[in-house]
Amino acid sequence: MFAQQLVNGLVVGAVYALIALGYTLVYGILQLINFAHGEIYMIGAYVGIAVLAVLGTMGLTQTSLALSIVLVFLIPMIYCAAYGITLERVAYRPLRGAPRLSPLISAIGMSLFLQNYVQVVQGARDKAFPNLLELGSFQLFGAYVNGLQIFILVLAVGLMAALQLFIKKTKLGKAMRATAQDRTMASLVGVNVNRVIAFTFAIGSVMAAVAGVMVGMYYGIVNHHIGFVAGMKAFTAAVLGGIGNVTGALLGGFLLALLESFWAGYVSAVYKDIFAFMVLVVVLIFRPEGILGGSGGEADRT
Amino acid sequence: MLELRDIHFYYGHIHALQGVSMEVRPGQVVCLIGSNGAGKSSTLMAICGVNAVARGEILLEGEAIHAREPDEIVKRGICQVPEGRRIFPHLTVLENLEMGAFLRNDASGVKEDLDYVCSLFPVLHERRAQRGGTLSGGEQQMLAIARALMSRPRLLLLDEPSLGLAPRIIETIFEVLARIRDEGTGIFLVEQNAHLALNFSDWAYVMETGRIIMGDEPGVLRDSPAVREAYLGE
């Protein structure tokens, strides 16, 4: 049981962590909780279904599996990046100088709008996510592990490592950190701050799109509500790790999912979500800055 | 080289700059003195495109730049060392310097300039792997100046570079500024320390409540009873 819950927790944790990155990156730069971020993830899953449908009718899923897998991730990534950039442009940039409550309300409004928009366009019923990868499963320390779980974990961890490297080493990554630490100063050395902010939304959305497609593949089912709960969980994960801190978001994602998984296994599967949000409440009471928050993380502001 | 014509700027409802006009000629060090809240920093931020001016023109070699974004102004060769230094606290000293060269694509030139600014301030080389936030005040001021130089500015704007620093460090910093001036970079200096500013400049302006009330050679200002009383403490 322990090993099984550990494996389940790690897979879900990878998804939480990917989504949490979007919350934490945007918060690091704008001190804004982008509550519409969960919806971007949901849209990623829907675009994945659409891509698979097209590829299926073209017969590409039969002839070239590798290319299909690349496309089923790549196209939602591009699509969601465009959504993220548009979201910032439409809902947040006009409110840049406004009191903090205004962009927050705008974020909640965008979340409701996107959810309902997808419901109208795609219908309220659950949609099946076609099974693309037929991978076998095997036993490891008494836990059933299937190929899809390994695939999700490897892809997610690879993306996280790539993002960390990007933020640490590249010019644009340094500009993101500089902008998070002092936006005006970044503009005084020649950083186009608006472009960096748009790019930050794009990166967060790309990660969310990957998470959306992964979850679609994993559970085989998608509806327009999935963004809400996943978004709240990932937000909890980001707060748990220390919002604004990239490593913290990854840590928080895995930690929350593992806690949740063990709770579901040993205590009660029904109260799993309640437990997750209880964690949020406890963190907010006893360590509001999160595990790594305030300790000078990379995307941290002072 | 740089000309401000009748600049007005509002900070919320406060009319912070009320028709500021001034000029920086090529090869000149120009200073702006005045008390706290007179609008000196607002003027610098207006030149850099951070403060959107309500009325008036800012011309850089004849080209209007007052409607440009801050990054476009840096690209045109104006760089500011802001008040309070504003080092990126979680970036290393080296990364702070690299940020200064953000708009440049000539890797070998950037490398040369890194060596150059480290020769101006050897302490930065020693501290290159340290986080900017861990430096002392004087070291941060040196880093802030070095970071600005990394953009290879034609005109360097300095906001209170002496503030809160020990006399020995102020001396070091002004020695370096003199060297930069001699190498042909224009300097526009905002200072509360009027003695220091007047000694270093070729031309000086005095600002009071958002207006330029005087502009003349430093010697003339030094002899003016009003300036002596208000700014030189005599």
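**Ring notes**

I counted aromatic pairs over all chains and got 13. The cut-offs I used: rings of Phe, Tyr and Trp (its six-membered ring) pair if their centres lie within 6.5 Å, with planes under 30 degrees apart called stacked, over 60 edge-to-face and the rest tilted.

I looked up B:F9 and B:Y11: the ring centres are 6.5 Å apart and the planes sit at 65°, so this pair is edge-to-face. B:F9 is buried at 5% relative accessibility, while B:Y11 is exposed at 59% (buried is under 20% relative accessible area, exposed over 50%, partly exposed in between; 1.4 Å probe, protein chains only).

Next I checked B:F174 and B:F200, which pair edge-to-face with 5.2 Å centre to centre and 90° between the planes. This pair links distant parts of the chain, 26 residues apart: B:F174 is in helix α7 (residues 167-182) of chain B and B:F200 in helix α8 (residues 194-200) of chain B. Helices here are DSSP runs (H or I, at least four residues), numbered from the N terminus. Both B:F174 and B:F200 are buried.

**Charges over rings**

My criterion was NZ of Lys or CZ of Arg within 6 Å of the ring centre and within 35 degrees of the ring normal. A:K171 lies over the face of B:F102, 5.5 Å from the ring centre. B:R147 has its charged end over the ring of B:F88, 5.1 Å from the centre.

**Source notes**

This is a predicted model, where local features need pLDDT of at least 70 and side-chain atom pairs count only at pLDDT 80 or more, while totals for chains, interfaces and linings use all residues. Residues are numbered from 1 along each chain as its sequence is written, chains are lettered from A and ligands numbered from 1 in the order in which they are written, and side-chain values use heavy atoms, leaving out hydrogens and water.

Note on methods
Helices (H or I, at least four residues) and strands (E, at least two) are DSSP runs, numbered from the N terminus.
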